[in-house]
Amino acid sequence: MLVVLGYLMVLTFMALIMTKRLSPMLALIMVPTIFGLFAGAGLGIGDMVIEAIGDLAPTAALLMFAIMYFGLMIDVGLFDPLVRLILRVTGNDPAKVVLGTALLAGAVSLDGDGSTTFIVTTAAMLPIYLKLGMSPVVLTCVAGLANGTLNIVPWGGPTVRAAAALGVQPSDIFVPLVPSLIAGLVLVFVFAWLMGLRERRRLGSLEIGGSKLEAAAAAMSPLSQELATASRGGGTGMPGVGVSMFTSPTVALGVRGGRADGSRADAPGERAVDNPGGSGGNENGTPGGATLADTMLDPDRPTLRPRMIWFNLVLTVAVMVLLVADLFPLAYVFMVGTAIALLVNFPRVKEQSAEIVAHAPSIVGVVSMVFAAGVLIGVLNGTGMVDAMAQWLVDVIPTSMGPYLAVITGVLSLPLTFFMSNDAFYFGILPVLAQSGAAFGIDPVEMARASVVGQPVHLQSPLVPAILLLVSLANVNLGDHHKKVLWRAAVVSLVMLAVAIVIGVIPWG
C-alpha cells in the first residue's frame, strides 16, 4: 500500500503542476498532506513535516541571502559589463544567446553549487532573453541541463555520497566517467543550439536598442512590448511599471502582475500572476510581468554605484572563494556578504530598508517553495514511503538480470533520484543494489559510476531547492520547465550511460 501511495502521490503532484491546476507551492503542501493521511500518518504528520523543515532551514537561509546578495549586485551594476560583453559577442542572434547560456551555466557549474550557478546565469542572461522576446523557459532548460550534467564532478554532492556509501574514492568514480561527461556536455550544447535555432525562427533577427523589434512584437506579451519600448528610451505607458526599479514598489525581482496601488492586474493587456514560485509566463515563456531583470540594463537607475564596482567585484570574488573553500556554512557566507554589500553601497538606513523590501517578494516566493517541499519530504520519509518504494524496486528485479545490475542501476537512477533525495538514493538504495551486484562479480565502484549518471534528471526535481530558485528567478512555471527539460535530461543521462558501457567503465552483463 505504501508503494502504491508513494508513486501515486508523486505522479499526482507532477500532473497537477504540469497541467497548472495547482501552483507548485500549493501542490507541495496539499498533495502530500492528503496522501500522508491516507498512509496512516495521523496526528504525527505535523512532526514529520517539522522535522523535514528543520533539515531544510539552512538551505532556505542560503537561498534567502544568496538572492538578496546577488540582487544587490544587480542593482549596483556589477553584472552590467558582463551583460554588455555577452551582447557584443552574441549580437542579436537568439541561437548564439542560448549557446552562450549553456557555456556560462557550464562554467559556473564547476564550483559544484547549483544555486550559485542559477543565480549568476539568470542575472546575466535573463535581461537579454527579455529584451529579445525569447522564452525564459529555454534559459531554465539549458541552465538546468548544464548544471545537472556537471553535477557528477568529484567535489559535488552525488559523487561524494556514492563514494561514502560504498567505501570507494570519488576520483575512482569520476575519472573513468570523463568521456561520458564530455559526451553529455556535447549533447547539452547540441540541445542548446537546436533550441536557439527554434527561437531564431520564432523571433527573427532583432536589434537591441534599434528599430527592428517588429519580429519580436508578435511573439511578446503586451507588457513585454511595453518593456521593449522602455528599453529604447520610452516610457512603459503603464501605471506602476517604469524603467527604474524604484519607480514603483511593484517593479522588483519577483513582483509580478500588480499595479502601483497594489491591486491585481485586470485591465486589457495585463495579466495577474498568482504563483510566486514562477508561473508568470505562458508555455512559450513570454514574460508575464515585470521583474528587476527587465530593467537591469537601465543606465539611469538610482541604485547604480559605478564608483564601487571594483569593491563589489572583490567582495563577490571573496564570497565565491569562500563558497568553494567550504570554510564556513554557505548561508553564513552570504549573510556576511549581504551585510557588507548593504553597508558599503547603501550606508543610509532608509536605503538599506528600501533594498531589503525591494527583494522581499522574490525571497518569499523561493523560501516558501523550499519549506513547502519539506511537506513532501517529511511525508515520504516519515510514513516510510521512500523505503517501501526502494525495496519494491529491488525486489522486482529478476535474479536473471543480476549480471546487468550496473546498467539497471544507471537506468533506475533517473526516476529514483527525481522522486527522492540524493541521500535516500545513495545511502538507502545504492548499498542494497551494490550488495546484490557483488554476487555477480560487479565491483562497488562500477555500481557507483552507474548511480551518478541520472544527475541531469535529478537536478530538475522539485525536491531540489536550486531548481525552485531557478524557475522563480526566471519567472517560469515549474510545469513548463519540466515539459521542456525532462525528456532532454533523460536523453543526456542515457547517452552518458551508453558511453560508459561502450568504453567499459560500466559492465554490460
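The structure is a predicted model, in which local features need pLDDT of at least 70 and side-chain atom pairs count only at pLDDT 80 or more, whereas totals for chains, interfaces and linings use all residues. Residues are numbered from 1 along each chain as its sequence is written, and side-chain values use heavy atoms, with hydrogens and water left out.

The protein chain has 22 helices and 0 strands, these being DSSP runs numbered from the N terminus (helices H or I, at least four residues; strands E, at least two). Of its 509 residues, 58% count as buried. Among contacts (heavy atoms within 4.5 Å) with a separation of 6 or more, 76% are accounted for by residues 24 or more positions apart.

Helix H6 comprises 19 residues (114-132), and its end C-alpha atoms are 26 Å apart, which agrees with the 27 Å that it should span at 1.5 Å a residue, the expected span being 1.5 Å times one less than the number of residues. A kink of about 35° lies at Met 125, shortly before the proline Pro 127; the bend is the angle between axes fitted to the seven residues ending at a position and the seven starting there. In H6, 19 of 19 residues are buried, and the helix is followed by Gly 133, whose phi is positive, near 75°.

The structure holds 6 aromatic pairs, defined for rings of Phe, Tyr and Trp (its six-membered ring) whose centres lie within 6.5 Å, with planes under 30 degrees apart counted as stacked, over 60 as edge-to-face and the rest as tilted. One of them, formed by Phe 191 and Trp 487, is edge-to-face, at 5.6 Å centre to centre and 80° between the planes. Because Phe 191 lies in helix H10 (residues 178-203) and Trp 487 in helix H22 (residues 478-502), this pair ties together parts that are 296 residues apart in sequence. Phe 191 is buried, with a relative accessible area of 9%, whereas Trp 487 is partly exposed at 45%. The rings of Phe 328 and Tyr 332 have their centres 6.1 Å apart and their planes at 55°, so that pair is tilted. Tyr 7, Phe 418 and Phe 419 form one aromatic cluster.

Terms used. Buried means under 20% relative accessible area, exposed over 50%, partly exposed in between (1.4 Å probe, protein chains only).
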